[in-house]
Amino acid sequence: MTDALGWRRKFGVIAPSTNTIVEPDFYRMTVPGVTSHFSRIHIRDQNMSDDAGMDRLLEQIRAELVSACERVLTCEPEYMVMGMSAETFWGGVEGNRQFVKQIHDVTGLEVATGAEACRRALDLFGAQRIGVVTPYQPIGDQNVVRFFGELGFEVAAIKGLRCPTAVSIAHVEESALRAALLEVDGDDVDALVQCGTNLSMVRLADEAERWLGKPVIAINAATWWMALRDNGIADRVEGAGTLLRDH
């Protein structure tokens, strides 16, 4: 029997309990016949005001990741999507590979991660030098730079917003995000990348591509794009950037 609403694909999505942006972003970008079903990782200590706080946050994610996957499997999804990004950059390329392997070993399903989605998007656009915006502390930014560097991309500039808590990431105003994009941009920068699934960036990135004249990759849009295209779903989505509109 085919699911009445997810008749093309059902996605299982893993997200932190503190994240208020990725779920509505995914719903806004959905296409007919595709549904996303969230399983939340319980974040008991959301302090990420320093490097140690970010490490503790990721430890909580690692401790509950398998259980979150097992819960969402009960709705019988056909593909997994990671609604969190920091852990997918941690440890560079090998760290992302091990993360994907862990999800696959638990679920038996293919996985879309923010890190891999950004790589695919940058390759598609032929970008070499990039500017990056994150909500992270320095330790998070270091892992992002490491991941892109190991793939051969040069991070010309990175702006970490150093959000003090996991929930406060969603409180960053559009004016601050716009300023951050301009700070990491330059004539020698081929594309801009935004990390952190709890930053509300999809709509702004779509607009910024027009006034900057270059790709601006919002991680939620890129991850959703990867999930759709991996599953043979070629529908175009307006208002979420070049990736989903034209590719």
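1. R245 is partly exposed, at 23% relative accessibility (buried is under 20% relative accessible area, exposed over 50%, partly exposed in between; 1.4 Å probe, protein chains only). R245 sits in helix α10 (residues 242-246) and D206 in helix α8 (residues 202-212), so the bridge ties together parts 39 residues apart in sequence. Helices (H or I, at least four residues) and strands (E, at least two) are DSSP runs, numbered from the N terminus.

2. Salt bridges with shared partners also join E116, R119, R120, D123 and D230 into one network.

3. On the basis of the model: it is predicted, local features need pLDDT of at least 70, side-chain atom pairs count only at pLDDT 80 or more, and totals for chains, interfaces and linings use all residues. Residues are numbered from 1 along each chain as its sequence is written, and side-chain values use heavy atoms, with hydrogens and water left out.

4. The whole structure holds 23 salt bridges. One of them pairs E64 with R44, at 2.7 Å from N to O. E64 is in helix α2 (residues 51-73); R44 is in the loop between β2 (34-41) and α2, 20 residues apart. E64 is buried at 15%. R44 is exposed at 60%.

5. R62 and E87 also meet in a salt bridge, 3.0 Å from N to O. R62 belongs to helix α2 and E87 to helix α3 (residues 86-89), so parts 25 residues apart in sequence are tied together. R62 is partly exposed at 38%, whereas E87 is buried at 10%.

Note on methods: Salt bridge = Lys/Arg side-chain N within 4 Å of Asp/Glu carboxyl O.
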